[in-house]
Amino acid sequence: MNATKEHTSDKSASAPLNVLIVDDSIHDYRSLSVMIGANSDNRYEFDWARNSEEAESKLEVGAYEIVAVDYNLGLEEGSEVIQKLSANYPASSYIMVTGNQDPDVYKRGIRAGAVNFVQKNKECGMIFDRMAQYAVERKRSESSLKMANASKDWLMSLLETDLATPLFALNQMLSTTYKEAENMPKEMLIELLDTAYQTSCEALIATKELLDWGRSVRGAMRPNLAMVDVSGCIHRAVRLLTTLADERGIYIAQRGVFDFKAYCDERMLSTVLRNLLSAALSYSDNDKTVCIESVVVDGHLSLGINSEGSGIEARSYASLFDSKGTDSDSCSPIERQSICSIQVASHMLDSMGCSLEIRNDPKKGVRFTFKLPLKFPMGI
């Protein structure tokens, strides 16, 4: 960022705060920046914009902890500028600077998104310094709270997909077995009991994964990479989710799923498959098909999961790639859970050195694709 330095004394070894002052008067800009620098033990770097348009251009390319906006910007009112900028650039904290002592002016500024206001007088430099430090600490607290909420959503996604799903499937199988045991052939009864046993094992594994996840920071687990039976992971994921699919008449098809072994973390891959298959089911219409495909491409096993249905809505699709996080108020619980499922899968693939590709058509369906290496990398 190209910033104009108005105060260069080395008062602190800490990194300077970047401040953008939005004022239609360059004289007022220089006066305020000098007063702040002269009355502070903190370091600042100042930049100037004369109106909202210039401020947006600066914020688009630079990172500013503080944006100080003059109330009277000629044809623009400071509170309106703050409302516009804070909505588009929420990472910055906004302070309104004004010579107007009307309480309504202060109220409009606060409602617009300013954390506080500073009056233009000989003491404004010292007051601004205190307000700036408060604003930065408040923003850090908000960021920590937002990260905690995001981690909670991720954890709830794992609870829904990785623990509730196998327990629900286990409950359904045991219920069927209990009701029909007397009329079942022995071979079918043994097969159902075996499936129930395998499902209970999946639930225990999922419980351990959740404990590991809870001890980590947003899934920051180190992968245990090895050659893994991918087809076995796929078959287990399908078996767990078949009961849920059957309730909606959805058929889970498998194409080209052979006895491939790929280089990855088995537990992470199992979680990825469960999350993506669960998301595909949620975006599929009733009585449709969700298809899992695998094909070898350039030494990699390419896995694709396709759904037939309405696909991901534009709002939800955009939130997948939004660094600001999912807007909990604008999404239904089911939408939020599906979004988190995809984000969890993407994060785990990133941890293994892979990447998730998403092709979405809101009117037709969604396709998830990722590639796994079929051999150990050189030097391993």
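# Reading a sheet, its cores and its confidence

User: Which residue in β14 stands opposite Ile 305?

Analyst: Ile 305 stands opposite Phe 368 in β14. Strands (E, at least two residues) and helices (H or I, at least four) are DSSP runs, numbered from the N terminus. Two strands pair if DSSP finds at least two bridges between them; here β12 and β14 run antiparallel and are joined by seven bridges. This is a predicted model: local features need pLDDT of at least 70, side-chain atom pairs count only at pLDDT 80 or more, and totals for chains, interfaces and linings use all residues. Residues are numbered from 1 along each chain as its sequence is written, and side-chain values use heavy atoms, with hydrogens and water left out.

User: In what order do the five strands form the open sheet?

Analyst: The order is β9-β11-β12-β14-β13, with mixed pairing. β9 (251–255) and β13 (357–361) are the edge strands, each with a single partner, so one side of each has no neighbour in the sheet. On average, neighbouring strands are turned by 15 degrees against each other, direction ignored. Axes are lines fitted to C-alpha atoms (for helices, over the stretch in contact), with angles from 0 to 180 degrees between N-to-C directions.

User: Which strands of the sheet does α7 touch?

Analyst: Contact means heavy atoms within 4.5 Å. α7 packs on the sheet and touches β9, β11, β12 and β14, its direction making about 165 degrees with that of β9. α8 also touches β9, β11, β12 and β14, and its direction makes about 165 degrees with that of β14.

User: How many residues has the largest nonpolar core?

Analyst: In soluble globular proteins, nonpolar side chains tend to be buried together. A nonpolar core is a set of buried (under 20% relative accessible area, 1.4 Å probe, protein chains only) Ala, Val, Leu, Ile, Met, Phe, Trp, Tyr and Cys residues joined through side-chain atoms within 4.5 Å. The largest has 44 residues, and those with the most contacts inside it include Leu 269, Ile 305 and Phe 368. Among the elements giving two or more residues to this core are α7 (230–247), α8 (266–282) and β14 (365–373). α8 gives the most, with nine residues. Apart from this core lies another, of 21 residues, among them Leu 32 and Phe 128.

User: How many contacts beyond four places in sequence does the model have for residues 1–12?

Analyst: Where pLDDT is low, the predicted coordinates should not be read in detail. Residues 1–12 have 29 such contacts, while their pLDDT stays under 50.

Methods
pLDDT is the predictor's confidence in each residue, from 0 to 100. Buried means under 20% relative accessible area, exposed over 50%, partly exposed in between (1.4 Å probe, protein chains only).
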